[in-house]
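Morning, everyone. Please bring the model up on your screens, and then I'll walk through it.

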Amino acid sequence: MASQATLSITGMHCASCSALITRKLKKTAGVEEANVNYGANKARVRFDPAQVNEQGLIAAVKAAGYGAVVSDEKDREAEKKRRLDEIRSYQRKFWIGLILSLPMLAFMVLSFLPQSQIHEVVMPYMGIVSLILATPVQFWLGYGFYRGMWSSLKMGTFNMDSLIAIGTSTAYFYSLWNFINHFLTEGTVIGEMHDLYFEVAALLITFVLLGKWLEAQAKGKTSEAIQKLMGLQAKTARVLRNGQTMDIPIEDVQAGDIVIVRPGEKIPVDGTVIKGLSSVDESMLTGESIPVEKKEGDRVFGATMNGHGSIEFRAEKVGSETALAQIIRFVEEAQGSKAPIQAFADWISSWFVPAVIGIAILTFAIWMFIGAGLTFSLLAFVSVIVIACPCAMGLATPTSIMVATGKGAEHGILIRGGEPLEAANKIGVMVFDKTGTLSKGKPEVTNIVALEGSQDNILKIAASLEQGSEHPLAESIVKHAKDKKVSLCTVEFFCAIPGHGVEGVIEGKKYFLGNRKLMQKIGVSELAAEEQMQTLENEGKTAMLLADEKHIIGIVAVADTLKETSKEAVDQLKRMGIEVYMITGDNKRTAHALARQTGITNVLAEVLPEDKANEVKKLQSTGKKVAMVGDGINDSPALAQADLGIAMGSGTDIAMETGGIVLVKNDLRDVVTAIKLSKATVGKIKQNMFFALFFNVIGIPIAARAFMHWGIILRPELAGLAMAFSSVSVVTNSLLLKGFHPLKKNWLSDLAPVFMAIGFTALFLGFAKLSSAAIEDMPTGQTLPDISRHASNLSSPLTRNADGTVVIKLETREVVSEIAPGTTYQYWTYNGTVPGPFLRVQEGDTVEVQLTHAAEGEEVSQDMSFDLVPTALADGGETEDAHTDGGGAHAAEGHATHSIDLHAVTGPGGGSVLTQVKDGETKIFRFKANRSGVYVYHCASPHVPTHIANGMYGLIVVEPKEGLEPVDKEFYVMQGELYTSGALGKKGHQKFSKEKLLAENPEYFIFNGRTGALAGSGALRANVGERIRLYVGVGGSVPSNFHVIGAVFDKVYPEGAITSPPLRNVQTTIVPAGGSAVVEFTVDVPGKYLLVDHSLTRSIDRGALGELIVEGPRNPELFSAVNPDPNHTHADLAMWVEGRKIDLSAGKYMLDEESADSEKETNPHLHDGNGLVIHRHKAGQSIGEFLKAIDINATNQCVTLDDGTSLCNEGSKRWQMFINGTEQPLDPAYVFRDLDQILLTYGATGEQVAEHLQSLSDDACLYSQTCPERGTPPVENCVADPTVPCVAP
Amino acid sequence: MPTTKVSIPGIHCEGCAKLIQDVSTEYQQITKVDVDLSTKTVTLDHWPDFNLAKWSEEIESLDEKYKVHPLS
């Protein structure tokens, strides 16, 4: 005998999985039948225990790649529990995730408020706390995503889980890597850390868990229908075996058993009555609430309810063959075959995820290839992955559905999850069950025909008779009488005649009420009423005859009437373009009668319960989406089969469980409302999907830093914040569905996408801008204030004679600026620059120093003032740009106080003891500048070296009374060091490293605050012949070996001793730490001179390199290149126009020489026919470059001279270029070769060209003839100039 | 060896692919079966005596969504 087993299957995700498992099971030896239900996650298997056992079945399922455990019927409870557990598990995980993520969210918000006090306090702990909080989220709560990714990887595909796992892992491990890096370099887990994105990973996982929770909640309710159906079955059956009655479990009933059913019991299985008479409520199968008479030979069905009689029947169909089992199977099949509409999710997993990963890798590769550096490239990679993670998408559907279902409930429409909502949107055909759906489902008295007496009297007698009856029709007659306030009489000798009607005696007279059969039985002719009977029956009514013992005296017609709102609902649906059908098991006559009233023309009548589903299937096969509206158990297969099942709230539990939508108010107009709600919701979901992706798609190129060139980039944490915003926006958008009303337009909700698109694009660009502004490693950092003080930004020599009081206002400020491009640092400064203002006083002056520790918003407008000349700035410096920085938290940064120690001061601490200023404080002290010299000033607050190392230094000059020797230019140069946490060249924001300061191991050496401060636009500039004085100081702790490459200091006042006799002709001078030197020299030769610390790696590699650019005429006597060919006076280059040699020594083509030939023009510039000859001894330069250097611009068409005239190819006139006698097209890019002789001529005739060539050859001949060893001349007909002697090289 | 390419629009996930491959293993005439989820096509390498009609019928019986349309 075959055994049966039910297995619980795990891992099925679509209908084809169940088909696959079915196949695998069927192929297993010994399996007779296998049925796998996808919706219920169950496999029912009938097998031969001799060949295979349950373990074998489980192994077969596992071989197919799914999980299975034995499940028995009791397992339904376990199943339910498992589902509940799943919901609870997601719920718990979400809350834990949220609790763990919230502090990180707070950190994220704080990081955008760097000025806040909380930020200062919390900031050092953010890293470690985030790591501790994010780790359980990542690996415990997020374990499911890794598992999901692993199983999809095994299939060789990507899914949403993969994206989430990859995205969060990237963010997590990148952060971890930075964290470890911080720990390794700093030796502590506390402190400000950069590039930590733990919160991105944690928030992402939390958001997705929320989505899963909402999803599980909706899904958990779906399979209850089948369980309810199962519960309908009788548990036991009383059978007659071997002459004995016994109660046995229903599973053991076999075909052929005689089953006994007592009054009020459920009929256990299907069979044929062999004995007894009863009425049976078959409403669960047929939907008809009127009990059916059952007598010998009639069929009975399992799970139907026996009425008052007792019957015996022969079991014919048991187990899975019963009508109920078939219904269950229909429901199961219909539910299982409905694969979730996942086109979008499929698209995501199959296309979007690999594309994103591809783009991220490409981004990384391209940036690496361009040479942007590992950190930068990796950051771009992480940003792309993080921003692409469409976490809002997980919320897009569930939130809309949540709101929509809530809104539906308000209108009495219960919606079971997203699928019915989505389906309702696409419905093309609406099929209504008749009884209980279109109609009220309960018979009502519609007509009373009095053949004798009054209608009231007929009703009175009929109702009185039916008082004692339990027949449903009786009920309606009694109710009608009560409604009409007809008083009832007492009835004697009442008797119900099953299958016929009732009889009784009222006031001594016997009456009969029943059908035709009753009339025949009592021998009363029905002819008198026949015509009216037929009319009523044609209208779909049940007519009952009332007779006394001789005649029919009246007719009472009862019918199931239409609900008041049905017609309106049908009309509305038709207006919406939906085809409306009516389906019923009732006869055609009744069906059509009702259909006429509703206006339905498509009527499917006399349809058996199982065929209702088939009819739906038929309609579906036309390609339309079909909705079924019904209320009975018999409707449930059709409800399940339909794309959308709508059950009436008054209907059976089964129908309600099967239906995707339940109409609580039983008002069919709600069908219309449901469809409207569905359309609104699906629209909302699509909007949400769009926005969820919109963010990601526009975010990807920004995150990839593709628009960096335009200043638009996105840091990962902003990407994370954008992601959070997209989630919030999606939720908000969903909430707008709350404004739904079936009769009104929800403008706010309809317009929301427009606002969202505009708002979020702006937000995004704003974020990007914020990112760009704050980004530490962005190559173009113009937004930061320049820390360096220009070398020429110093006060002029003093011209006054009188002593006086000089007021110096200094303000300490913290400024974030660039050490080098892409590397930032927080400097501490006097008045916002390094070095601080150049203070200049005169010997004998009283100096009042006002030192302010800048609080927020303060600005000092003047550095210094002199009370005798109050309008002039003693410091010639410019007004500083306002730069404000946090005042309250300076202590935490290690500069609770600042001060100033002026080495010009004779007194304790050089003034520092009097000027220790806290936040917002100002202190003033005075000193008499009684010793002339050049002195360093610096901050002397604890820890003093730190203050100095961060930039708090400058020079003060106390001029002697007689003043300083005048010079043409003065410059202010101060060397310092920077001790950054990151090694030299590391990009991004650098912190101060005290360890390196203590080890005297600076990363940068700088002139005036930063690398390159004195180069390019910051270069020192002078003209030839000018006398220059440099005030050179060392603010830091490393003495400088100061040298200007290309200059000899003809005077040096070492150690700032300007009153001492100078040293003469010094090449390199040592400037002590905390000391200065004054060097003076004259620049006689134009060109670029370099300011260096001649401990040269400091200048070449570590930044202390400046430029002095001197302009003016060349001074070949003093400085010129040596001609390798002594025969030539014209060095390596020479130029002739019309045979006249042009003086190139001034760096310019001199055109103003008088022509010796009076017939020619006075200015021998190029004109028609003449030519320009260039001769070169050394290779390398191009013609164009050479000409450019002497202010002649040449293109392929034109040559423009310095006087502005331009000669271009025009008609027959053109430029000709002869290189060593051979004509070539004019090409300014032509690069000279050694000994090249070039003739450029414009519009020359043939004779002129020959003449020019001859003059060209002159020069070549010149040396070739006098110095034959230099080779033969490049052109013929040389005319030598014998006056030029040949000197052997 | 002939190759037959058919379109089965009902294919929607890797489960379908496995299912079709599983069915195909029962046909000894089929030497190679390749299911392309994105184009919803199946490419079969098989011996000339392969009965495509029978195979199609079996595939179609698995799920009502499966309808085999020969492409080549």
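Ground rules. This is a predicted model, where local features need pLDDT of at least 70, side-chain atom pairs count only at pLDDT 80 or more, and totals for chains, interfaces and linings use all residues. Residues are numbered from 1 along each chain as its sequence is written, chains are lettered from A and ligands numbered from 1 in the order in which they are written, and side-chain values use heavy atoms, with hydrogens and water left out.

Chain A in numbers. It has 32 helices and 56 strands. Those are DSSP runs, numbered from the N terminus: helices are H or I with at least four residues, strands are E with at least two. Of its 1289 residues, 54% are buried. Buried means under 20% relative accessible area, exposed means over 50%, and partly exposed is in between, with a 1.4 Å probe and protein chains only. The accessible surface of chain A is about 55000 Å², and carbon and sulfur atoms own 56% of that. Areas come from the Shrake-Rupley method with a 1.4 Å probe; for residues, only the protein chains shown count as cover. Now contacts, meaning heavy atoms within 4.5 Å. Among those in chain A with a separation of 6 or more, 69% are between residues 24 or more positions apart.

Who pairs with E28(A)? Pairing requires at least two DSSP bridges between two strands. Strand E27(A), residues 805-820, runs antiparallel to E28(A) over eight bridges. Strand E37(A), residues 988-990, is parallel to E28(A), with three bridges. Thr823(A) has Gly988(A) as its bridge partner there.

Over to chain B. An open sheet of four strands runs E2-E3-E1-E4, with antiparallel pairing. Strands E2 (30-36) and E4 (69-70) of chain B are at the edges with a single partner strand each, so one side of each has no neighbour in the sheet. E1(B), residues 3-7, pairs with E4(B) over two bridges. Val6(B) has Pro70(B) as its bridge partner.

Now sulfur. A disulfide here is a pair of cysteine sulfur atoms within 2.5 Å. The count is one over all chains. Cys1198(A) and Cys1208(A) form it, S to S 1.9 Å. The S-S torsion is about 115°, so this disulfide is right-handed. Its ends sit in strands E52(A), residues 1198-1200, and E53(A), residues 1206-1208, with the cysteines 10 residues apart. Cys1198(A) is buried at 17% relative accessible area.

Last stop, the surface. Is Ile758(A) buried or exposed? Exposed, at 57% relative accessible area. Ile758(A) lies in helix H27(A), residues 747-774.
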